[in-house]
Each structure stands twice: as C-alpha cells, then as structure tokens.
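Q: Could you take me through the place where the ligand sits in this protein, step by step? I would like to look closely at that one part.

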Amino acid sequence: MARIDLDHLGHTYDSSGPQSTYALEPFTHTWEDGETYAILGPSGCGKTTLLNAISGIIKPSEGRVLFEGKDVTELPTAQRNIAQVFQFPVIYRTMTVFENLAFPLVCRNLPEQVIKARVLEVAELLNLTSSLHLAALRLSADAKQLISLGRGLVRNDVAAILLDEPLTVIDPQLKFELRRKLKEVNRRYGLTLVYVTHDQTEAMTLANKVVVMNRGAASFRSERRSSCSSAPRMHSWGTS
Ligand code: ADP
Ligand code: MG
C-alpha cells in the first residue's frame with residue numbers, strides 16, 4: 001500500500017472554458033498509507049473525476065498525483081498499481097466466478113497455490129464460496145458486483161483500492177453486511193482505501209476519515225473519526 005499525495009490536483013473537462021467549469025477544483029491533499037477514507041458528496045460534485053484522476057483513467061488538467069513521493073501523473077492506469085471498483089459490475093463474461101476473482105493474480109503469474117488461497121479467502125468474505133464454479137454471467141446483479149468487489153480486494157500488493165459507490169446495486173440487507181465486512185478487510189490487511197459514497201451512514205460506518213465534497217471541491221472538509229465513537233474533530237482546507 002502507498003501514501004498518495006494530490007498536489008494542486010484539479011480537472012476541467014472543457015479545457016477552453018473558464019475556471020467555473022471545473023469538475024474538480026484544484027486542491028492539495030494526502031491520503032495516508034493504510035488509512036480508510038470516505039469521499040462523501042452529492043451526485044455531480046466531482047467524486048468520480050477525483051478517483052479517475054488518481055487511477056489514471058483521466059489525465060488531470062492541473063496538478064500532480066504522487067505515489068510514495070513518485071510522480072505518476074503521466075503514467076497510464078496499468079502502471080499505477082491501483083485496484084478500482086466501479087458503481088456497476090464489471091465481469092469477464094466467459095469466465096467462472098473463480099476465474100474472475102483469480103484473474104488479477106493470474107496476470108501477475110503468482111503460484112497456483114497462492115492464487116487459490118487468496119481467491120478462497122476473498123470468496124468466503126463475500127459469501128461467494130458456493131458460486132465459485134458457476135459462470136459469472138449467470139449470476140444476479142448483486143452477485144456480479146460482489147465479484148467486482150472481490151477482484152478489487154484479491155491483490156495485496158496494490159498501492160490503493162478505490163471504490164466508486166460500489167454498493168449502489170446491492171440489496172439493502174446485504175449492504176449492511178458488506179459494509180461490516182469491508183471494515184473487517186481493512187482491519188485485517190491495512191489497506192489504503194478510498195471509498196466514494198453519497199450515503200452519510202455508509203461513509204461514517206466505513207471510514208476513519210470522511211472527506212466532504214461540494215460543487216467540485218469548492219467546500220472540502222475532512223472529518224477525522226477515531227475507531228470509537230467520540231466526537232469528530234473537523235478541519236477544512238481548499239478554497240472555502
Ligand atoms: P460524481 O461522481 O460526484 O457524481 P463526476 O465526477 O461524475 O461527479 O462529475 C463531476 C462533473 O463533471 C459533473 O458536472 C459532470 O456532469 C461532469 N462530467 C463528468 N464526466 C464528464 C465527461 N466525461 N465530460 C464532460 N463532463 C463530465
Ligand atoms: Mg460518480
């Protein structure tokens with residue numbers, strides 16, 4: 001896992017436009033190694049833009065992204081060593097559930113035994129053990145999203161895991177359980193985890209630090225929570 005520094009990172013999709021067209025207003029922030037963050041904000045405030053700038057899906061129009069002090073702003077996604085889980089399921093349609101979960105590890109030529117052990121561990125965590133032999137295509141939307149989530153969690157060598165509203169399509173009952181499990185995963189593996197949500201309860205349940213975004217980060221706040229439920233300390237930075 002890695003510390004991630006955002007150095008005056010900002011993005012506009014309209015490079016010819018004035019500053020008011022910022023999807024993400026320039027800001028500077030550090031995601032500490034091994035910390036769990038939630039990014040909380042309404043639809044359209046720039047959450048996905050921020051995640052995509054970190055993972056390299058978009059090249060930010062301003063500023064830099066650094067992993068462990070190394071500037072990765074110009075590096076393509078594949079070279080950033082990031083796991084990203086999207087709002088809607090992304091599965092390999094011709095593969096079984098096992099093969100889907102194993103894929104990121106197979107690509108890295110890990111020994112078969114290691115792959116099997118990791119896949120079984122993640123499958124157990126996500127209640128996918130009994131579905132491992134099934135074709136992923138045949139599963140429900142819920143289960144497909146669990147596979148996407150599992151693929152995000154299966155590697156333990158990534159710089160960070162970015163989750164973009166990953167529980168949107170998940171049944172409310174299961175959501176509660178999954179939040180608890182994600183928290184457990186994080187405790188077990190000490191991941192650098194950035195979790196985007198518009199659900200305040202989800203943010204507060206899952207993360208140690210909550211970053212509140214508003215209108216392209218015009219009002220950016222960080223709320224530090226301790227693991228017990230003491231009152232949060234607030235501080236803010238950015239342009240407000
Ligand atoms: P969120 O994830 O918080 O809903 P987004 O990052 O998706 O917000 O979007 C932030 C702003 O950028 C919105 O105004 C949205 O319409 C705009 N936007 C997002 N993607 C694009 C794009 N590919 N081209 C142009 N504008 C975009
Ligand atoms: Mg989004």
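A: Let's start with a term we need: a residue is called buried when its relative accessible area is under 20%. In this predicted model, buried residues make up 50% of the protein's 240 residues. The chain folds into six helices and eleven strands.

Now for the ligand itself. Ligand 1 is surrounded by Y13, A23, P42, S43, G44, C45, G46, K47, T48 and T49. Which helix gives the most to this shell? That is helix α1, spanning residues 47-55, which supplies three residues.

Next, let's look at some distances. A backbone N or O atom of G44 lies 2.6 Å from an oxygen atom of ligand 1. C45 also takes part through its backbone, where a polar atom is 3.2 Å from an oxygen atom of the ligand. With K47, the side chain is involved: one of its N or O atoms is 2.9 Å from an oxygen atom of ligand 1. On its own, ligand 1 has 560 Å² of accessible area, and the protein covers 53% of that.

The protein has an accessible surface of about 11,500 Å², and carbon and sulfur atoms account for 52% of it. I57, F86 and V90 make a nonpolar surface patch of about 230 Å².

Methods. Residues numbered from 1 in each chain as written. Chains lettered and ligands numbered in written order. Predicted model: local features only at pLDDT ≥ 70, side-chain atom pairs only at ≥ 80, totals over all residues. Heavy atoms only, no water. Helix = DSSP H or I, 4+ residues; strand = E, 2+ residues; numbered from the N terminus. Buried < 20%, exposed > 50% of the residue type's maximum accessible area, 1.4 Å probe, protein only. Areas by Shrake-Rupley, 256 points an atom, 1.4 Å probe, with all protein chains shown as cover. Patch = residues over 30% accessible without salt bridge, like charges linked within 9 Å, V, L, I, M, F, W, Y side chains within 5 Å. Salt bridge = Lys/Arg side-chain N within 4 Å of Asp/Glu carboxyl O. Near = heavy atom within 4 Å. Polar contact = N/O pair within 3.5 Å; in protein donor to acceptor, adjacent residues only side chain to side chain.
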